[in-house]
Amino acid sequence: MDSILSLIKAGKVLVGDGGWGTLLIKAGMQAGECPELWNIDHPDIVSDIAISYKEAGADLVSTNSFGGNRIKLKSYGLENKAKELNRKSAYLTRKAVGEEHHVLASIGPSGKFIIMGDVSEDELYEAFREQAIALEEGGADACTIETMSDLDEARCAIYAVKENTNLEIIVSFTFKRSSDGERFNTMMGTTPETFIQEMKKIGVPILGVNCTLSVEDMNVLLQKMYTYEKETPFLVYPNAGQPQLTNEGIRYPETPEIFKKYVFDFYKNGARIIGGCCGSTPEHIRAIRNEVERISQI
């Protein structure tokens, strides 16, 4: 199978998947549960989620492993199951989507901060090393180091993957928009420009932005990034708006039709992998797929 980067260089616009937590909650996952434990306790549901995104048109389907590093798993008393949970997550997605789709190993942040003395770089490196190896063993061929906000933590994850696996690497940060609408920063104060500079220094070929922002805010951010950097292909996975608490639970307001309206703008601003994050569903991905097919005919 061709690499993700080679497909992009050949002119392809790839479709990612959508929110995993959204569908796990819909399937019955309760607040306080460990999502990664569902790989063992509810494998059929995890497989069905992967299949639903494949059938919606995703070229890249994720693993249910976002919080699968042992540091994060320790809060559930599951740190010693890190290898098993990650290996199983990749196995389930690979089995669900087959060999013709890329399995994108999801590697999220630890929830601890180097600057606060909560964790050391060595501890982060080892946790991400263990996770990445298990994900590759389970069948992943690429990874997204995603929803990051700390450059130092991201570097630990990147080197852990680079030095211990053959997984293709995408790195995606999450940004907040300032109240005046003019600036974007991570919670650690990193700007999009600094993110791009630092990732290019260590040779990350595909950069992304995901989570937190609605499609409209994500579009503004992507415009700023593309103005600054036109050579690097971008991944963009916006939230389906800001979550709203209703009598029926948490609701995300942005529909598949709203997502579809922004796909061409994302494409014009350098996005070559387009999917969704929190609140997005297979219906959102199907809408993106339809628009990507239209773009490919232009």
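Visitor: Which residues of α4 are buried?
Guide: V46, S47, I49, A50, Y53 and A56. Buried means under 20% relative accessible area, with exposed over 50% and partly exposed in between (1.4 Å probe, protein chains only). Helices (H or I, at least four residues) and strands (E, at least two) are DSSP runs, numbered from the N terminus. This is a predicted model: local features need pLDDT of at least 70, side-chain atom pairs count only at pLDDT 80 or more, and totals for chains, interfaces and linings use all residues. Residues are numbered from 1 along each chain as its sequence is written, and side-chain values use heavy atoms, without hydrogens and water.

Visitor: What do the buried residues of α4 pack against?
Guide: α2 (20-26), α3 (38-41), β2, α6 (82-97) and α12.

Visitor: At what angle do α4 and α12 pack?
Guide: About 25 degrees, with the axes 8 Å apart. Axes are lines fitted to C-alpha atoms, for helices over the stretch in contact, and angles run from 0 to 180 degrees between N-to-C directions.

Visitor: Switching to β2. Is L60 buried or exposed?
Guide: Buried, because its relative accessibility is 0%. L60 lies in strand β2 (residues 60-62).

Visitor: What does L60 contact beyond its neighbours within four places in sequence?
Guide: I4, L14, V15, G16, D17, H102, L104 and I273. Contact means heavy atoms within 4.5 Å.
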